[in-house]
Amino acid sequence: MIRAVIFDLDNCLAPVKEQGEQVCDPAFSAIRIANRGTLSEETLTEAFSDCWRHPFDFVAAKYGFSNEMLSAGWNAFAQMEVEAWSAYPDLGVLQELTSDLYLVTSGFRRLQQSKIKALRFEHLFKGIFIDALDEPERKGKEGIFRSIMDAAGLSPEEVVIVGDNPDSEIEVGNRLGIRTVQILRPEVPRGEHATHHIVTLTELKALLT
């Protein structure tokens, strides 16, 4: 029996580009100014593209950002927030699920909190957790997943993790022995290691029942 479903936020329940790519322009501009020839324009473009799918610290390490670039981007992202944000149109399915629902999202605290506030769906979740990049002693998603399971007395067999990123929540779920579901929203590349693949949350409801 599935007692809990843990969801990711960005590109799972709400499109990260919902307000357009200009949302991240302040951070990208700051990084570009701090670049000072460290990376080529082509590499910078690839890195910025990855920022829509991966946490900033992961992207900075992957592409070898200088300390100045990392600091410039970090400071800009840490100040960002949104006033309006829309979910995918199938979000109403969450109200039809009988399991306890949890939300676990990685990113900068202020930005992720503003997205959650704008979506006005806190009442749907038993718990909401932000894996905040800009705070010390991060548990990471694995630590948060373990905390949820320990607090609720859940075994891996009683939990399902739903997300878009095969290198983040899907990988962590697999490592913990939890059933994983990758939701293939537009522009989300298919990973090969999720237990299940779906396109809409309607499919998730059928999968759980």
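This is a predicted model: local features need pLDDT of at least 70, side-chain atom pairs count only at pLDDT 80 or more; totals for chains, interfaces and linings use all residues.
H1 covers residues 25-35 and H2 covers residues 41-50. Their axes sit 12 Å apart, at an angle of about 150°. Angles over 145 degrees count as roughly antiparallel, so H1 and H2 are roughly antiparallel to each other. The crossing of H1 past H2 is right-handed. Who makes the contact? From H1, it is Phe28, Ile31, Arg32 and Asn35. From H2, it is Glu41, Leu44 and Phe48. By type, that is four nonpolar residues, one polar and two charged.

Now H1 against H4. Here the angle is about 160°, and the axes are 8 Å apart. That makes this pair roughly antiparallel as well. H1 passes H4 in a right-handed crossing. On the H1 side we have Pro26, Ala27, Phe28, Ala30, Ile31, Ala34 and Asn35. They meet Glu68, Met69, Ala72, Gly73, Ala76 and Phe77 of H4.

Next, the cores. In soluble globular proteins, nonpolar side chains tend to be buried together. The largest nonpolar core in this model has 56 residues. Which of them touch the most other members? Phe7, Leu13, Phe65, Leu94, Phe121, Phe125 and Leu201. Helix H4, residues 67-79, supplies the largest share of this core, with five residues. There is also a second, separate core of 14 residues, and Tyr102, Val104, Phe145 and Ile161 are among them.

Last, a look at Leu13. Leaving out residues up to four places away in sequence, Leu13 touches Phe7, Asp8, Ala87, Tyr88, Leu91, Leu94, Leu103, Phe121, Phe125 and Leu201.

Technical notes
Residues are numbered from 1 along each chain as its sequence is written. Side-chain values use heavy atoms; hydrogens and water are left out. Axes are lines fitted to C-alpha atoms, for helices over the stretch in contact, and angles run from 0 to 180 degrees between N-to-C directions. Helices (H or I, at least four residues) and strands (E, at least two) are DSSP runs, numbered from the N terminus. Angles under 35 degrees count as roughly parallel, over 145 as roughly antiparallel, 65 to 115 as roughly perpendicular and the rest as oblique. A crossing is left-handed if the near helix is turned anticlockwise from the far one by less than a right angle, and right-handed if clockwise. Contact means heavy atoms within 4.5 Å. Ala, Val, Leu, Ile, Met, Phe, Trp, Tyr, Cys and Pro count as nonpolar, Asp, Glu, Lys and Arg as charged, and the others, Gly among them, as polar. A nonpolar core is a set of buried Ala, Val, Leu, Ile, Met, Phe, Trp, Tyr and Cys residues joined through side-chain atoms within 4.5 Å. Buried means under 20% relative accessible area, exposed over 50%, partly exposed in between (1.4 Å probe, protein chains only).
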